[in-house]
Amino acid sequence: MCIEDNRLNMDLMIHLFRTLPDMELICAENAEAGLELALSEQPALILMDIHLPGMNGYEALEALRNHRETAEIPVIALSSFAMADDIEKGLAAGFAEYVTKPIDIKAFISLIDKMVRRSPVK
């Protein structure tokens with residue numbers, strides 16, 4: 001699942017997931033819609049933009065952790081903020097990984113594969 005408000009970034013994720021034949025991507029353009037989808041679909045992995053309209057990625061992560069159905073889903077932060085403090089803050093907040101934009105496509109696909117294979121949610 002991808003929660004991303006930027007259309008170009010969302011299109012990139014859609015394109016990337018088309019190259020992963022055994023994975024399906026569901027998308028939301030804001031955290032509120034993403035939370036509803038996560039609760040109903042219980043994806044194996046969530047890719048979360050940090051800077052979203054309304055509820056930001058940190059608030060959405062906290063909301064996910066407060067629901068029994070989504071508490072164990074790994075969430076990867078996606079952000080253009082790439083300073084060491086930003087990354088440390090994201091990991092300390094509970095994101096499984098913190099990926100900075102622009103993403104390294106090959107490394108990102110490898111990370112997605114690794115995270116989905118070890119995810120407790122199916």
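The dialogue below sets values from the model against definitions.

Author: Please note that this is a predicted model, in which local features need pLDDT of at least 70 and side-chain atom pairs count only at pLDDT 80 or more, while totals for chains, interfaces and linings use all residues. Residues are numbered from 1 along each chain as its sequence is written, and side-chain values use heavy atoms, with hydrogens and water left out.

Reader: What makes β2 and β5 edge strands of the sheet?

Author: Strands are DSSP runs of E with at least two residues, numbered from the N terminus, and two of them pair if DSSP finds at least two bridges between them. The open sheet has five strands in the order β2-β1-β3-β4-β5, with parallel pairing. β2 (27-28) and β5 (97-100) each have a single partner strand, so one side of each is left without a neighbour in the sheet.

Reader: How do you know that β1 and β2 pair?

Author: Two bridges, in the parallel sense, link β1 (residues 2-3) with β2, and the rule asks for at least two. Within this pair, Cys2 stands opposite Cys27.

Reader: Why is Cys2 called buried, and why is Cys27 called partly exposed?

Author: Buried means under 20% relative accessible area, exposed means over 50%, and partly exposed lies in between, with a 1.4 Å probe and protein chains only. Cys2 has 0% relative accessibility and is therefore buried. Cys27, at 30%, is therefore partly exposed.

Reader: Why does Asp49 count as buried, and which residues does Asp49 touch?

Author: Asp49, found in strand β3, has 4% relative accessibility and therefore counts as buried. Contact means heavy atoms within 4.5 Å. Leaving aside residues up to four places away in sequence, Asp49 touches Ile3, Glu4, Asp5, Gly57, Leu78 and Lys101.

Reader: What makes the link between the side chains of Asp49 and Lys101 a polar contact?

Author: The term requires a pair of N or O atoms within 3.5 Å; within protein, one must be able to donate a hydrogen and the other to accept it, and residues adjacent in sequence count only if both atoms are side-chain atoms. The contact between the side chains of Asp49 and Lys101 is 3.3 Å.

Technical notes:
Helix = DSSP H or I, 4+ residues; strand = E, 2+ residues; numbered from the N terminus.
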